Amino acid sequence: MEYSRPVSNNSVKITDSFWKEKIDLIKKEVIPYQWNALNDRIDGAEPSYCMRNYRLACEILNKRKHGEKTPVFPTEKWHYSPKEDNENSFFGWVFQDSDLTKWIEAVGYSLQNHPDKELEALADGAIEVLCSSQAENGYINSFYTINNPDKAFSNLRDHHELYCFGHLAEGAVSYYNATGKDKLLKSVCRFADLICEKFGENGMAGYGGHEIAEMALVKLYETTGNDRYLNAARLMIDRRGTRPYYFDVERNENSGDKINYVYNQAHIPVREQKEAVGHAVRAVYLYSGMADVARHTNDTKLFNACKTLFDNITNKKMYITGGIGSTKDGEAFTFDYDLPNDLAYAESCASIGLVFFARRMLQVDFDSKYAAVMERCLCNNILAGMSEDGKSFFYVNPLEVNPIACREDSRKNHVKPVRQKWFDCACCPPNIARIISDYGEYCFTETNSSLFINLYQSSEFTTDKADIEIISDYFKSGEVKFKIKTKRPFTLALRIPEWSNKYTFSINYSFVKKGYAYFDIPCNRELTANFCPEIRIIKCNPNVRENIGKVAVARGAFIYCLEEKDNGKNLHLLRLSHKPEFKIEGKFITANGYREQNIENALYYEYTPSEEEPVRLKFIPYFKWANRGENEMSVYIRY
């Protein structure tokens, strides 16, 4: 079977005003801001300790090389702080290293878009520190290097060594692709070789508690051609969920209870998993690695498991905004159709992981539903995770917010009505930076004979088939123009957005399959596609109990919401009219509605029809909420 591959971010120039603004923001504001955060230079923000840990690890390694004995500190906890721990020990979460490596990955993608010698020099300096923290055997992890190197690989379930390796590998590949510099890549390959030795066919049958090493090893394999890395990824996937459970073995336990390992997706073998469970970020990182391994090994059973899991997520466990993971308890999936709005977790990282998963599925199964999910996540949940100035962030992305409840109700204290400058656990900000910087790599995929357009934005890109310029008004009018200069005949496949009930093309297509229209392109050609981004009223499956009698408003790729700033307090009293008379006013949508009048003072009283006052409602794109200070917000409205 022929599989597709992404058109490299190196080959794509985004010129679209909407996405270029976001990509430029990452370069100009987010990357410098996050570097300051990693070095604990943001006033009023939670300290990171990330660079402090790496530098301390370098000092300790240097002392050991010169025969000096260094102190040993505890390794049993997840988090360490100056208030509770020795001043010479590791500080922060056990996975703190990954914040730097995600930053390096974002820098790599940004340099592909915007060459910048000063930024490159800054990253080179960070990489020098990182590589200097590598032990002689190739091991890189500041937590164990500082606190107790003898405990390395002793707690794969909880202490994130393989997770940190995964982000390190992805950062190294990004930076190598951008600059051609292989210092970090070589260091990572030494670490990967150690992992292959430790967890190879004749080694420990281990796998990480927080997945990502699987897809990172595949990326290393794709970059270096070293089969050991692909095999290591396959072994980790094959071993997960088999008995005896490795997480029991490393503790000399025998729980025999798969419930303990649902959180880590390690409860049953992966090919038997039919429902997305446990920690949502871990889940989609695992499923992404599964899809990678299935593609490279032609493992049909493994890929079919991926299809089942993808469909379970997107048909029964995904918010309309592309958020996943509905509970703060374990940051996890719950049961089908359990999608509370005001208790939602919907972590930014989880939605990013779902994009990773969707693109990998698209590389094997050329179905537009995967690209539709990428678009839904990118345009809504992911963009909402960052403020418009790039200097504050959401970890959690709810669909309804009452600021009083966030403060007074402990069940909702994970929900913040305003974005935060940084986080003690800061996985989301650098994750947002890296995916937006790499946006170009999600737009186009290709086989030897076909080119797929998955996301539409003004851009220029080149492949061995053609040089293509796209002039897009996709978000506003739905018109997208293509100027194609062919190098050889090929097939062009254009995604038909699931939100577009009508569409036309300026030339005839050969056929439509799985949501893509296929065109034969024998020579230079211009082509115009017209989609229809009409305002839509969206209803939930009735099994989503929280939204009975409610609807959401959408236009094209964007989900809209109400904010108190425009509609007054008590958004729950608003109702959308059955004759809304929608009007697009710049970036906003207005509509006819009603506000229920609360005329009774009693808590309970005999039913009488409510009195309502006509109002003109104002909806804003969901990703723009909370950029005007603290106020109520709601995606859903009574109908």
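**A chat about a predicted model**

Guide: Let's start with tyrosine 261, which is buried, with a relative accessible area of 1%. Keep in mind as we go that this is a predicted model.

Visitor: Okay, where does tyrosine 261 lie?

Guide: Look in the loop between α10 and α11.

Visitor: And how far apart are tyrosine 261 and valine 544?

Guide: Along the sequence they are 283 residues apart, and in space the C-alpha to C-alpha distance is 27 Å.

Visitor: New topic. Which peptide bond is cis?

Guide: One that is cis runs from arginine 243 to proline 244, and its omega is near 0°. You'll find proline 244 in the loop between α9 (227–239) and α10 (246–249).

Visitor: Is alanine 346 buried or exposed, and why?

Guide: Alanine 346 counts as buried because its relative accessibility is 0%, and the cut-off for buried is under 20%. Alanine 346 sits in the loop between α12 and α13 (348–364).

Visitor: And what's phi like at asparagine 298?

Guide: Asparagine 298 isn't a glycine either, yet phi is positive, at about 55°. Asparagine 298 is in the loop between α11 (280–297) and α12 (300–316).

Visitor: You mentioned α13. How do α13 and α16 cross?

Guide: Their axes come within 9 Å and cross at roughly 30°, with α16 covering residues 428–437. The crossing is left-handed.

Visitor: Which residues meet there?

Guide: On the α13 side there are Ser348, Cys349, Ile352, Val355 and Phe356, and they meet Cys428, Asn431, Ile432, Arg434 and Ile435 of α16. Sorted by class, that contact has seven nonpolar, two polar and one charged residues.

Visitor: Last one: where is aspartate 99?

Guide: Aspartate 99 is in helix α3, which spans residues 97–113.

Visitor: Which side chain of opposite charge is nearest to aspartate 99?

Guide: That's lysine 102, at 4.3 Å. A salt bridge needs the two charged groups within 4 Å, and aspartate 99 has no salt bridge even though it is buried.

Visitor: So what does aspartate 99 touch?

Guide: Leaving out residues up to four places away in sequence, aspartate 99 touches Leu38, Ser48, Cys50, Ala426, Cys427 and Pro430. One of those, Pro430, has a number that falls within the 428–437 range of α16.

How values were computed: Residues numbered from 1 in each chain as written. Predicted model: local features only at pLDDT ≥ 70, side-chain atom pairs only at ≥ 80, totals over all residues. Heavy atoms only, no water. Helix = DSSP H or I, 4+ residues; strand = E, 2+ residues; numbered from the N terminus. Buried < 20%, exposed > 50% of the residue type's maximum accessible area, 1.4 Å probe, protein only. Lys, Arg positive; Asp, Glu negative; His and termini not counted. Contact = heavy atoms within 4.5 Å. Axes fitted to C-alpha atoms, helices over the stretch in contact; angles between N-to-C directions. Left-handed = near helix turned anticlockwise from the far one by under 90°. Nonpolar A, V, L, I, M, F, W, Y, C, P; charged D, E, K, R; others polar.
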